[in-house]
Amino acid sequence: MTDSVAIVLVSGGLDSMISAALAREAGHRLFALSFDYNQRHQVELAAARRIAATLGAERHVVMPMDLRAFGGSALTADIDVPKDGVGDDIPVTYVPARNTIFLSLALGWAEASGARDIYIGVNALDYSGYPDCRPEFIEGFERLAELATKAGVEGEPFHIRAPLQHMTKADIVREGTRLGLDMGLSWSCYDPAPGGVHCGLCDSCRLRSKGFEEAGIADPTKYATRA
């Protein structure tokens, strides 16, 4: 156990919630970092605030940036969010270099605050095929952090913690239950339906629903449509 600070990336989604809770379970004090990047699903930021408060984060920074200035994704441009199921190709909901951008800012805060652990809820099993969710990316960024920072050069390396990396969505749901979390506080949908409910058909909704179903745990999520 430790009482050190960890920077926890909290998007508002289920995976980031479980990842941050695991950081807390490991004994870390939590500094939560979220991003208002002008994403289509702004409602996830309200979920991020709920999660940070529930987990007792000492600080919660919501960093503003406008990735719509770049576009290139259904989450940051006027491109329809696919609703026909999870495919084998990298989907149009991939935001160019998003996790690289987010981890870079988390690294800056970690070095400034003296934290050496950064938690991110990426997953490489039941996911949408994003390249910046793979173990190779996490390992590569950890190496970059060592090379790019004063702390790293002086022998105080950073650890990029991805505790959900090799879990299925069902495993993640079971872990949330074990941790005693109210998973209904989280938000996954990329294209919210009227009334503030999950659409039920985007990749993220499908993966979330599948996780609860396969775990045999009641899904607290309200969906406009069930796939």
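Tutor: Start in helix α6, which holds both Asp171 and Arg174, three residues apart, about one turn of the helix. Helices (H or I, at least four residues) and strands (E, at least two) are DSSP runs, numbered from the N terminus. The model is predicted, so local features need pLDDT of at least 70, side-chain atom pairs count only at pLDDT 80 or more, and totals for chains, interfaces and linings use all residues. Residues are numbered from 1 along each chain as its sequence is written, and side-chain values use heavy atoms, leaving out hydrogens and water.

Student: Why is the contact between Asp171 and Arg174 called a salt bridge?

Tutor: The term needs a side-chain nitrogen of Lys or Arg within 4 Å of a carboxyl oxygen of Asp or Glu. Asp171 and Arg174 meet at 3.1 Å, N to O. Therefore the pair is a salt bridge.

Student: What makes Asp171 partly exposed?

Tutor: Buried means under 20% relative accessible area, exposed over 50%, and partly exposed in between (1.4 Å probe, protein chains only). Asp171 has 30%, so Asp171 is partly exposed. Arg174, with 38%, is partly exposed too.

Student: Which residues do salt bridges with shared partners join into one network?

Tutor: Glu25, Glu175 and Arg178.

Student: How do you know that Asp191 and Lys83 form a salt bridge?

Tutor: Their closest N and O atoms are 3.1 Å apart. Asp191 lies in the loop between α6 and α7, Lys83 in the loop between β3 and α3, so the pair ties together parts 108 residues apart in sequence.

Student: How many salt bridges does a search of the whole structure find?

Tutor: The search finds 12.
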